[in-house]
There are 2 protein chains.
Amino acid sequence: MIIKGKNVAYKLEGKIYHCAMDITMDYIGGKWKSVVLWYLKNGTHRFAELKKLIPDITEKMLSIQLRALEEDGLIVRKVYGRKPPMRVEYSLTEFGATLIPALNAIAKWGRGLGDSEGELVDVGEF
Amino acid sequence: MIIKGKNVAYKLEGKIYHCAMDITMDYIGGKWKSVVLWYLKNGTHRFAELKKLIPDITEKMLSIQLRALEEDGLIVRKVYGRKPPMRVEYSLTEFGATLIPALNAIAKWGRGLGDSEGELVDVGEF
DNA sequence: CGGAATCCTTTTCGATACTG
DNA sequence: CAGTATCGAAAAGGATTCCG
């Protein structure tokens, strides 16, 4: 990032970013985060629901992603009940909701490509 | 992705995607691709120019990312001259240009966060 | 129900050195 | 100038089992 002949960068939470893309990608990058956010975009979901919506993710990965997203302040985790059959719900925070336009743009491009170049396949066995 | 009670997915170049986010992320995900695309968005750049614009990337990584982006059809590589002091230019393809709205949305969010929460630091030593 | 623990494999990343 | 080659470290991802 070059401003008026000087090399400058953003410093955020101790990390240096030379480019705004980097910042966003640090929040939504990786294989799963954007997908999880996508499904939380339209409302609250429980752990098992997310696992069903994202069949290819393992529970371990889902757990890791949810905790990372929570640490970043993008989602909230709410626990109902304290004994084993408990209910945990995840939803976007207000901060997380600011990502929605970007998420929509990303999904729109993917959908466009999928519709024009790809084919729909049935994966009903899930 | 659930349509009328059936589980369907996109199949694109042999890969299965359950979610449109996935498709896009396959093209722009990872640590460097989006940054490279960002700098090519506004015009052609040479290898060494990109290296300067993205100080933290190694030549190896830059090379790998550029080849991956080329394989995906997002950028073109043009070589001028065939003997060692040669000139190689990279630029977005028409297909790559369709990503610009999404890239803009991603950068906008990062910039917003950087401006409100981060600080600008001088990294003039580059 | 909603994970955590463990172990393992795969992929990515980075430093350094070298080349047509 | 624009990369490759090589190596090793680190991170990401996956399968399975177990637990409050």
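**Figure 1. Strands 4 and 6 of chain A pair in the antiparallel sense.** In this predicted model, two bridges link strand 4 of chain A to strand 6 (residues 87–92) of chain A. His45(A) stands opposite Tyr90(A), a residue of strand 6 of chain A. The open sheet that holds these strands has three strands in the order 4-6-5 (chain A), and its pairing is antiparallel. Strand 4 (45–46) and strand 5 of chain A stand at the edges with a single partner strand each, so one side of each has no neighbour in the sheet. Strands of a sheet pair through backbone hydrogen bonds, in either the parallel or the antiparallel sense.

**Figure 2. An open sheet of three strands in chain B.** The strand order is 4-6-5 (chain B), with antiparallel pairing. At the edges stand strand 4 (45–46) and strand 5 (75–80) of chain B; each has a single partner strand, so one side of each is left without a neighbour in the sheet. Strand 4 of chain B runs antiparallel to strand 6 of chain B, and two bridges join them. His45(B) has Tyr90(B), in strand 6 of chain B, as its bridge partner.

**Figure 3. The surroundings of DNA strand C.** DNA strand C is surrounded by 19 residues, of which the closest are Arg46(A), Ser63(A), Arg77(A), Tyr90(A) and Lys60(B). Of the atoms of DNA strand C that come within 4 Å of the protein, 59% belong to sugar and phosphate. By type, the residues of the surface near DNA strand C are nine nonpolar, two polar and eight charged.

**Figure 4. Phosphate oxygens of DNA strand C and the residues of chain A beside them.** An N or O atom in the side chain of Arg46(A) is 2.8 Å from a phosphate oxygen of DNA strand C. Two or more residues of the surface near DNA strand C come from each of helix 3 (47–53), helix 4 and strand 6 of chain A, and from helix 4 of chain B. Helix 4 of chain A gives the largest share, four residues.

**Figure 5. The surroundings of DNA strand D.** Around DNA strand D there are 21 residues, and the closest are Lys60(A), Arg46(B), Ser63(B), Arg77(B) and Tyr90(B). Sugar or phosphate accounts for 58% of the atoms of DNA strand D within 4 Å of the protein, and bases for the rest. The residues of the surface near DNA strand D comprise ten nonpolar, three polar and eight charged.

**Figure 6. Phosphate oxygens of DNA strand D and residues of both chains.** From chain A, the side chain of Lys31(A) has an N or O atom 3.2 Å from a phosphate oxygen of DNA strand D. A polar backbone atom of Val88(B) is 3.2 Å from a phosphate oxygen of DNA strand D. At least two residues of the surface near DNA strand D are supplied by each of helix 4 (59–71) of chain A and helix 3 (47–53), helix 4 (59–71) and strand 6 (87–92) of chain B. The largest share is that of helix 4 of chain B, with four residues.

**Figure 7. Leu74(A), a buried loop residue.** Leu74(A) lies in the loop between helix 4 and strand 5 (75–80) of chain A. Its relative accessible area is 0%, so Leu74(A) counts as buried. Beyond its neighbours within four places in sequence, Leu74(A) contacts residues including Tyr27(A), Leu37(A), Phe95(A), Leu99(A) and, from the other chain, Trp109(B). Gly96(A) is also in contact with Leu74(A); the C-alpha atoms of these two residues are separated by 3.9 Å, although they are 22 residues apart along the chain.

**Figure 8. Ser34(A), a buried residue in helix 2 of chain A.** Ser34(A) belongs to helix 2 (residues 33–40) of chain A. With a relative accessible area of 0%, Ser34(A) is buried. Leaving out residues up to four places away in sequence, Ser34(A) touches Ile28(A) in chain A and Met21(B) and Met25(B) in chain B.

**Figure 9. Helix 6 of chain B.** Helix 6 (residues 100–117) of chain B has 18 residues, which at 1.5 Å a residue should span 26 Å; its end C-alpha atoms are 25 Å apart, so the two values agree. Among the buried residues of helix 6 of chain B are Leu103(B), Ile106(B), Trp109(B), Gly110(B) and Leu113(B). An α-helix has 3.6 residues a turn, so residues three or four places apart point the same way.

How values were computed:
Residues numbered from 1 in each chain as written. Chains lettered and ligands numbered in written order. Predicted model: local features only at pLDDT ≥ 70, side-chain atom pairs only at ≥ 80, totals over all residues. Heavy atoms only, no water. Near = heavy atom within 4 Å. Polar contact = N/O pair within 3.5 Å; in protein donor to acceptor, adjacent residues only side chain to side chain. Nonpolar A, V, L, I, M, F, W, Y, C, P; charged D, E, K, R; others polar. Expected span 1.5 Å × (residues − 1). Buried < 20%, exposed > 50% of the residue type's maximum accessible area, 1.4 Å probe, protein only. Pairing = 2+ DSSP bridges. Contact = heavy atoms within 4.5 Å.
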